[in-house]
Amino acid sequence: MAAKPEDIMGDGSILKTIIKEGTGEEKPAWGNKVKVHYVGTLTSNGEKFDSSRDRNSPFDFQVGSGVITGWSEAVPTMLLGEIAKFTISSDKAYGPGGSPPKIPPNASLDFEIELLSFTDREDVLSDGTLMKKQLGKPDEDSWVTPNANCDLELKLTIAGGDQHDVSWPSGSGCPHGLPPRLREGLFEMRKGETCSFLLPKDAPGVDYEVTLVSWVENEECVSGDDGAVVKRIERDKTIGKDDWKCPHDLDTVHLRGKVWVDGDEAKCVDYGEIPPNTDGSQDASVYVVDEDLTTSTGSAVCPGVDAVVKKLRVGEISTAIIRKDFGFSDGPLAGQPLRCRLELVKIVPQVPNWEIKTTDLKIEAVPSPRGNQSPSRRRRHAAPRAGQRQKMPRQRLGRAQRHPAGDSSLRRRHRDRGLGLRHH
């Protein structure tokens, strides 16, 4: 004799018939992560419209999120291993709209569901090796998360013991003998958040309770060459209209700070003292990004400093390490690894040629013949002084080189062939 369906909601919207009894006493709760197999059919004619078994792929979801209402109310009534049939009314399924083409409007649906597993923890790596449960919410104004390049500051409690302050720098070993896999879970946390982590494979039965206090990001400044120039923010940018902007090539920048030989701060190049606050009145050095070899104060600029400047935002103070091949080619700092501490005070964007208004400025923007350069251009193309980086000269082509019809005879020849230089 078939079992009598149970009206689990008391209003006839969900009827449950147990096919196979489950085990234990615990059932999934709202917000739990569950894994199930299911077969979905239309109540009216038994026609199958979906099946995880046919795909041989169990379905994962969070109770109360991302599924129809009937599922979030049905699955919490099940025990582990249980198989049950649920008849769900249309108002708790797909309603008047249905789900074309397989589910018509106002259709009641039958689901045979098997509860394979459930947990109040998130499977961070999707392989069961790192299980996370939130214990305390993050700070209200916190929405960003750290990444693999960040140095982390934590509060840590292991297996209910004493709490410790822990620093976990990027690229270093694991402090306090922590499992390396644990760090992967910290990248999804926000500032102030507290989580519990279980690592069944690496540390069976051990509960790691972690609060993410803060972090500092180590940012690569040279694309495709990790470790060449790496910066970290000491003071963040000034909040304002264009606070997201970084300097581009040929922008004029105002900066303060210095660069020195790693391990010997006495050997340095000075760009102006960084004040203890955001005072903009202090002297700053000025130079054109990726163009000038020295600043307005005569201080040399190496490729590593240029790379750091391109990653700064106005008001930001950052420190950086610079590999020796991105340092100076000559002078007292030549051929040595460097460190720097820089503040970006101001960006003056390069004005596009089409926006130049006056004749004088247009003339200034046009490359001048040798021997007739403006003072600023002459300074940029002069031979580098000691401690400056050598830049490859930009090749200038003669008129005949720029166009195959460079001389008058060739122009006539091309014009006769229909290849004239006029714009049609």
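User: How many helices and strands are there in the protein?
Analyst: This is a predicted model, in which local features need pLDDT of at least 70, side-chain atom pairs count only at pLDDT 80 or more, and totals for chains, interfaces and linings use all residues. Residues are numbered from 1 along each chain as its sequence is written, and side-chain values use heavy atoms, with hydrogens and water left out. Helices (H or I, at least four residues) and strands (E, at least two) are taken as DSSP runs, numbered from the N terminus. Counted in that way, the protein has eight helices and 19 strands.

User: What percentage of the residues in the protein is buried?
Analyst: A residue is called buried under 20% relative accessible area, exposed over 50%, and partly exposed in between (1.4 Å probe, protein chains only). Of the 424 residues in the protein, the buried share is 37%.

User: Is Asp151 buried or exposed?
Analyst: The relative accessible area of Asp151 is 13%. Because buried means under 20%, Asp151 counts as buried.

User: Which residue forms a salt bridge with Lys231 at 2.6 Å?
Analyst: Lys231 is linked with Glu219 and Glu316 in a network of salt bridges. In the pair whose closest N and O atoms are 2.6 Å apart, the partner of Lys231 is Glu316. Lys231 lies in strand β14 and its partner in the loop between α4 (303-309) and β18 (317-322), so the pair ties together parts that are 85 residues apart in sequence. Both residues are buried, and the partner asked for is Glu316.

User: Which residues is Ser117 in contact with, leaving aside its neighbours within four places in sequence?
Analyst: Ser117 lies in strand β7 and, at 32% relative accessibility, counts as partly exposed. Ser117 and Leu80 are 37 residues apart in sequence, yet 6.3 Å apart in space, C-alpha to C-alpha. With contact meaning heavy atoms within 4.5 Å, the residues asked for are Lys33, Val34, Lys35 and Leu80.

Terms used:
A salt bridge is a side-chain nitrogen of Lys or Arg within 4 Å of a carboxyl oxygen of Asp or Glu.
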